[in-house]
Number of protein chains: 4
Amino acid sequence: MCRWAAYRGEAIYLEELVTSPAHSLIEQSHCATRAKTATNADGFGLAWYGDRPEPGRFRDVLPAWSDCNLKSLARQIRSPLFLAHVRAATHGATRRDNCHPFVNGNWTFMHNGQIDHFDRLRRPMETMLDDEHFHARAGTTDSELLFLLALQFGLRERPLAAMAEAVGFVEHMSRHLTGAARVRFTAAFSDGRTLYAVRYATDAQAPTLYAAPMGGKGGYCLVSEPLNDETDTWVEIPDGSAVILSEDGLDAVAFEPDMATIDVNTQAAE
Amino acid sequence: MCRWAAYRGEAIYLEELVTSPAHSLIEQSHCATRAKTATNADGFGLAWYGDRPEPGRFRDVLPAWSDCNLKSLARQIRSPLFLAHVRAATHGATRRDNCHPFVNGNWTFMHNGQIDHFDRLRRPMETMLDDEHFHARAGTTDSELLFLLALQFGLRERPLAAMAEAVGFVEHMSRHLTGAARVRFTAAFSDGRTLYAVRYATDAQAPTLYAAPMGGKGGYCLVSEPLNDETDTWVEIPDGSAVILSEDGLDAVAFEPDMATIDVNTQAAE
Amino acid sequence: MCRWAAYRGEAIYLEELVTSPAHSLIEQSHCATRAKTATNADGFGLAWYGDRPEPGRFRDVLPAWSDCNLKSLARQIRSPLFLAHVRAATHGATRRDNCHPFVNGNWTFMHNGQIDHFDRLRRPMETMLDDEHFHARAGTTDSELLFLLALQFGLRERPLAAMAEAVGFVEHMSRHLTGAARVRFTAAFSDGRTLYAVRYATDAQAPTLYAAPMGGKGGYCLVSEPLNDETDTWVEIPDGSAVILSEDGLDAVAFEPDMATIDVNTQAAE
Amino acid sequence: MCRWAAYRGEAIYLEELVTSPAHSLIEQSHCATRAKTATNADGFGLAWYGDRPEPGRFRDVLPAWSDCNLKSLARQIRSPLFLAHVRAATHGATRRDNCHPFVNGNWTFMHNGQIDHFDRLRRPMETMLDDEHFHARAGTTDSELLFLLALQFGLRERPLAAMAEAVGFVEHMSRHLTGAARVRFTAAFSDGRTLYAVRYATDAQAPTLYAAPMGGKGGYCLVSEPLNDETDTWVEIPDGSAVILSEDGLDAVAFEPDMATIDVNTQAAE
């Protein structure tokens, strides 16, 4: 299982969420207690929005806790919206191109979870991509491919609807090809203005997702696991939900895979 | 705590001890159960003896379990005497120069343990080295420095005696400078013919050391932690012991720090 | 332009060809004189055959001249057949998965050259692969894809014929999709017994290929550039040739792309 | 020879000087024309001043031109004072700890040049350091040691005077121990407010140093080699000079090694 944290609010130093000694994502990744896998040592990544529309990104394959670059950057960089991820590899080798967050134009995406039977699904998923999105694929993870599929399905214009279609497409294709489907999916994505997160699993056993106020009025962080033991602070987001952090504060809506576009798309693909 | 494994016997593929899926050093480093630290993700190293007097060496800072080079090398290389180490950093940054085993000429050394107050002891320990050994220092770990000190004290001619003097010197210097001393030390070292291992701690709480027959008649492996649950197979080497694996099989002798040379040496240094 | 060297003959230490100070592939990669690109600092790789049918492999993305692991391995490992490559990236990011040689079962492949319009050709080339070869793709280079295509076309059974078909397919597809084709291709590949090399370019301007006796009777090395200035030693292999190094010594035959299978294959793909 | 660039003025994006395609430090490092060594592929580093007194730092050992992190950071980060360095190793292995700029508190330092006989001088230079500066040593380069020596001699209070004493000490010690001395030294250093650069060589053959206006009124960049061919823009700073960039603009003064403190210091060391 991977771990991640995301923030939207008044600009704060990344270190507050990412590298501070007491209760941060990196500390948590080194000495895991709640999560199933012992450690997250297969790389890490940061994407943050600054003066430009497209985000900055920093990724490396070393264990996050021993990376001096990460520590220095998190201490210097301030941002009103950023995503941070530490990886425990399931699909895809340990290399920078496979580290989250993935970036496409001004969009970022990171993910904790898994797609069962991905080996069987990879090729039809890639086939769905048009040339532009196909050539944007740099690594070999299921997560990057899901992001590209959502972009293909309209993430830029209808973020949550497109993501619902991407997940729906994968489930449908999995049932079609393997007779079964299981997607477990806790993801965050953003265009630099709004921060979205989704918690969903085919079998209702999605990885956890929590929210807590942070960093001044209207600021929130979203995390895959609580960063400290103050259990009152953290609100668990239920399975089958999407969270939207925008200028209007935090909003939560139901999330379920959308099969609507599949009929059209898969007919075209077949 | 680090973990290590060493072998002497008929030539076997390194993978049998290092990377095989079921019960090997790397598997163990990924999902630790007995050791105190959760994982050993701060680099790894191999030193093996082949056709030449000096050993080959391969070290990297990635987590061992995700390194394809390691897997391929361990599968190809056969050796009658080799040392393998996975690191959880205590002193010294995560970089190749700080990964065990350390090599000097035909000698190799690797270590699990710690020297209390090393920050205070580093400089006088370096001062003890003559120019040749001083310039041989490539990293910043306590382990490498202990190895160089033992070489300085005659490891090449009197292996266990010189190691006893090196440990004795460190304890003495620590008491002298800080009023207290604690060395915990489970190490293996070799000249390519004989394999030595030592288990010792000032406070009698040394990291564990086990031996088991392996790889044909007369072959043995030494490990910091048993590699599987067949508890009958593994003989625990008691604290305050040295093990000698040679053509004559396995021999064990008492090991205690030697203060003898300290009077001479420290007087010269002071 | 990349550089490479390959050897078949009595077992020699890899360092003789790869890392020796005077005239070796690595030395050459650091201070290039003949080649067009200034340096080859985008990674390197070794594949060697030992006791097992499948080769060992070692690749990294550091400049080859500063890699201590490479130096130590080349000094220890002896092999009767090996391939070594230093990379100057044209297609594909700098990461291990993109470093030559590529390995598939007991086959190895490395390449110096380029495929024009690869961005347009990548997708149809991948489409030609059956699932087994498609899933074997780990990186993003044109070279790896050409290797997989040749495997798909029968490299294991008819090495030079399958390679001719792979190159023919790429040229044909390029003309079909872009109106033009240019493949420049100097490659070496082996099954562990026989070493093959090909020099071919659509425009008769293939990267160079040289052969010289080496390492005892019947031994030869093949190189992309002569490793020293003894011009008498090195025989230039002409454009449009394949070299076969086997138990019977060195043989050279004409090489030209084969369009034969294209009619069948592309019809199936379209 | 290494290459470097430094800037002080109104805040600009680092990419303008560091990574822009046309004429930047990284472009120059890839295709060197003026410098003696063919390439600078042994790592790179950035130090920049932002909101905090101490600088941010980013270093890696990959060739700078293939590092996506560098490209993204240089595109996002804006700074009124920064230093950038690409390395061609002379002393010290290729690893992050040996990459410039070096940082100590709010001070940064980077260097192009060499100290002859450094192997003989390293130990007495280290001996001059008090414990605080000794423990601050993380790598093995002559450059880092020169920086620590200057800090020890008072860089924080009297920047140019302390640097003159450090260089003077090294020359003196070299003559004393080896009968000869040659320091070639083109360096930049800063406390975050003022940017200093020095060009000096014992034999009057120091690496070059150029200055040019940049980035709005009062802004200047200092570079080891001109970044483009507009020869009118670049003013060469003569050997034996120091440049001071502060709120008052650019000032240049004579620089020569100072032997004054040596009598005291070396007597203490001997």
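A: Start with a definition: two strands pair if DSSP finds at least two bridges between them. Strands (E, at least two residues) and helices (H or I, at least four) are DSSP runs, numbered from the N terminus. This is a predicted model, in which local features need pLDDT of at least 70, side-chain atom pairs count only at pLDDT 80 or more, and totals for chains, interfaces and linings use all residues. Residues are numbered from 1 along each chain as its sequence is written, chains are lettered from A and ligands numbered from 1 in the order in which they are written, and side-chain values use heavy atoms, leaving out hydrogens and water.

Now the sheet. In chain B, 6 strands make an open sheet, ordered E5-E6-E7-E8-E12-E13, with antiparallel pairing. Strand E5 (102-104) and strand E13 (249-254) of chain B are the edges; each has a single partner strand, so one side of each lacks a neighbour in the sheet. On average, neighbouring strands are turned by 15° against each other, direction ignored. Axes here are lines fitted to C-alpha atoms, for helices over the stretch in contact, and angles run from 0 to 180 degrees between N-to-C directions.

Strand E12 (residues 241-246) of chain B pairs with E13(B) over 6 bridges, in the antiparallel sense. Ile244(B) has Asp251(B) in E13(B) as its bridge partner.

Helix H6 (residues 142-152) of chain B packs on it and touches E5, strand E6 (107-115) and strand E7 (183-190) of chain B. Contact means heavy atoms within 4.5 Å. The direction of H6(B) makes about 125° with that of E6(B). Helix H7 (residues 159-178) of chain B lies across E6, E7, strand E8 (195-201), E12 and E13 of chain B. H7(B) runs at about 155° to E7(B).

Next, a helix pair in chain D. Helix H4 (residues 118-128) and helix H6 (residues 142-152) of chain D pack at about 30°, their axes 10 Å apart. That makes H4(D) roughly parallel to H6(D), since angles under 35 degrees count as roughly parallel. H4(D) passes H6(D) in a left-handed crossing. A crossing is left-handed if the near helix is turned anticlockwise from the far one by less than a right angle. Contact residues of H4(D) include Phe118(D), Arg122(D) and Met125(D). Among those of H6(D) are Leu145(D), Leu146(D) and Leu149(D). The contact residues divide into 6 nonpolar, 1 polar and 3 charged. Ala, Val, Leu, Ile, Met, Phe, Trp, Tyr, Cys and Pro count as nonpolar, Asp, Glu, Lys and Arg as charged, and the others, Gly among them, as polar.

H4(D) also meets a helix of chain B. The axes of H4(D) and helix H4 (residues 118-128) of chain B come within 13 Å and cross at roughly 145°. H4(B) passes H4(D) in a left-handed crossing. Arg123(B), Glu126(B) and Thr127(B) meet Arg123(D), Glu126(D) and Thr127(D). Here the contact residues are no nonpolar, 2 polar and 4 charged.

Chain B also touches chain C. That contact takes 23 residues from chain B and 23 from chain C. About 1900 Å² is buried between them, with carbon and sulfur atoms giving 32%. Buried area is the accessible area (1.4 Å probe) that two parts lose on being put together, summed over both. In chain B, Arg52(B), Asn69(B) and Gln76(B) lose the most area to chain C, together 33% of what that side buries.

How values were computed: Angles under 35 degrees count as roughly parallel, over 145 as roughly antiparallel, 65 to 115 as roughly perpendicular and the rest as oblique.
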